[in-house]
Amino acid sequence: MFKNFWYAVEFSNTITKRPTLITLMGKKMVVYRDSQGKVVALDNRCAHRGAALAGGWVEGDCIRCPYHGWRYEADGSCSQIPANSAAIPIPKRARVEAYPVQEKYGFIWLFIGDLPEHDRPPLPLFPQFEHPTREPSQSVYTFNAHFTRTMENTLDVSHAPFMHQGSVGKSKTPENTVIEDYELDVTEWGLSATLGIKINRINGPMRFFLKEDDQDPWKQYIFAPPNITYSGVNFGRLKIESILAHIPVDENTTIVKSVNIRSFLNHTPLISNWLDHNTAQVGTRICTEDNVVVQTQLPRLAPLTNSTELMVASDATLMAYRKLLKKFSDMGWITDAS
Ligand code: FES
Ligand SMILES: [Fe+2]
């Protein structure tokens, strides 16, 4: 896992005053809202005897361990040990780690690493998700693969004709699977690529809204480290956009949570909700198709160089992605666990 980054770890609206357990590559954290609605993230393991704080409860801005009732402040320090008389000072080591938190684009972001505030990489920019016309819809899918592989899958531009004809639709020219050279923009903190879409007939009700024959549809792919990819499908003025958070639960499990917006049919709740539901179904089908193959890929972790695989021109996004991962690894931005 990469460190010194902000990880999107959960939907904002999932986090309440009830403690929620978050697992990142086996490491467990507890997240909750304090009395002001501010999100607090602490190490889940109680400093006393290791019980899970997520099994406890929130009191004001604090969380109480369910085992012997130690009370922790939002900064992770223990402020009460019920079995001790109040006159006994609380030991310095009675504390758990507190993680910096941000809330943006419908996600909770935790900073994992040891950089001071001003040296931390920024969150990616998705201004269209800051004040969407209506609440973004949400999707969740669990992959049986490492997150470096699931992210890579969403940046892979040439597998759709083989894996997604069932869910998405038939190619314009099934015999022509050639990917022309495409625009690729690599920056310090990510990459973006833009490609034409070769689908002739989209499955499901979406095809009545997207008059794809009138336009040259195109798709934008973005990778924003450590765990975000973005997909923007454009049919003329109509757009369907998703931010996907690839939450690395462990080496073989990644929960992908996405927020999705579209630029049309946002004002009639009945139609909007029905279309959201349909989009979510298609999304689940796409992920199921991807999961079947991605879980078979070896090695389990995406290799940082091209030496154990054979990339070709259409894999330009993936080569750039690997280069970025290699750069962060060379900077020493890898957690001990991996
Ligand atoms: S284990 Fe948490 S208070 Fe004892
Ligand atoms: Fe796919």
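**Exercise 1. The nonpolar core**

Task: In this predicted model, which residues of the largest nonpolar core touch the most other members?

Solution: 
- Start with the core itself: the largest nonpolar core holds 62 residues.
- Look for the members that touch the most others: they are Y7, V31, L42 and L110.
- Domain 1 (5-119) and domain 2 (128-330) each supply at least three of its residues.
- Now take L42 and skip residues up to four places away in sequence. L42 then touches M29, V30, L53, I63, Y72, G76, V96, E97 and A98.

**Exercise 2. The open sheet**

Solution: 
- Write down the order. Four strands make an open sheet, β2-β3-β4-β9, with antiparallel pairing.
- Find the strands with a single partner: these are β2 (20-24) and β9 (98-99). They are the edges, so one side of each has no neighbour in the sheet.
- Check the β2 pairing. Five bridges join β2 to β3 (residues 27-33), and the two run antiparallel.
- Pick out one position there: L24 stands opposite K27 in β3.

**Exercise 3. Helix α4**

Task: What span should helix α4 (residues 269-294) have at 1.5 Å a residue?

Solution: 
- Count the residues: α4 has 26.
- List the buried residues of α4: L275, G283, C287, D290 and V294.
- Find their packing partners. The buried residues of α4 pack against β12 (137-143), α1 (147-155), α2 (160-163) and β20 (253-262).

**Exercise 4. Two residues, E59 and P89**

Task: How many C-beta neighbours inside 10 Å does P89 have, and how many other C-beta atoms lie within 10 Å of E59?

Solution: 
- Locate E59: it sits in strand β5 (residues 57-59).
- Count around E59. There are 13 other C-beta atoms within 10 Å. A residue is exposed at 12 or fewer and buried at 20 or more, so E59 is partly exposed.
- List the contacts of E59. Leaving out residues up to four places away in sequence, E59 touches R64 and R71.
- Compare sequence and space. E59 and N84 are 25 residues apart in sequence and 19 Å apart in space, C-alpha to C-alpha.
- Locate P89: it lies in the loop between β8 (78-80) and β9.
- Count around P89. It has 9 C-beta neighbours inside 10 Å, so P89 counts as exposed.
- Finish with a distance. P89 and D156 are 67 residues apart in sequence and 57 Å apart in space, C-alpha to C-alpha.

Terms used
Residues numbered from 1 in each chain as written. Chains lettered and ligands numbered in written order. Predicted model: local features only at pLDDT ≥ 70, side-chain atom pairs only at ≥ 80, totals over all residues. Expected span 1.5 Å × (residues − 1). Contact = placed C-beta atoms within 7 Å. Pairing = 2+ DSSP bridges. Core = buried A, V, L, I, M, F, W, Y, C linked by C-beta atoms within 7 Å. Domains from an automatic or database assignment.
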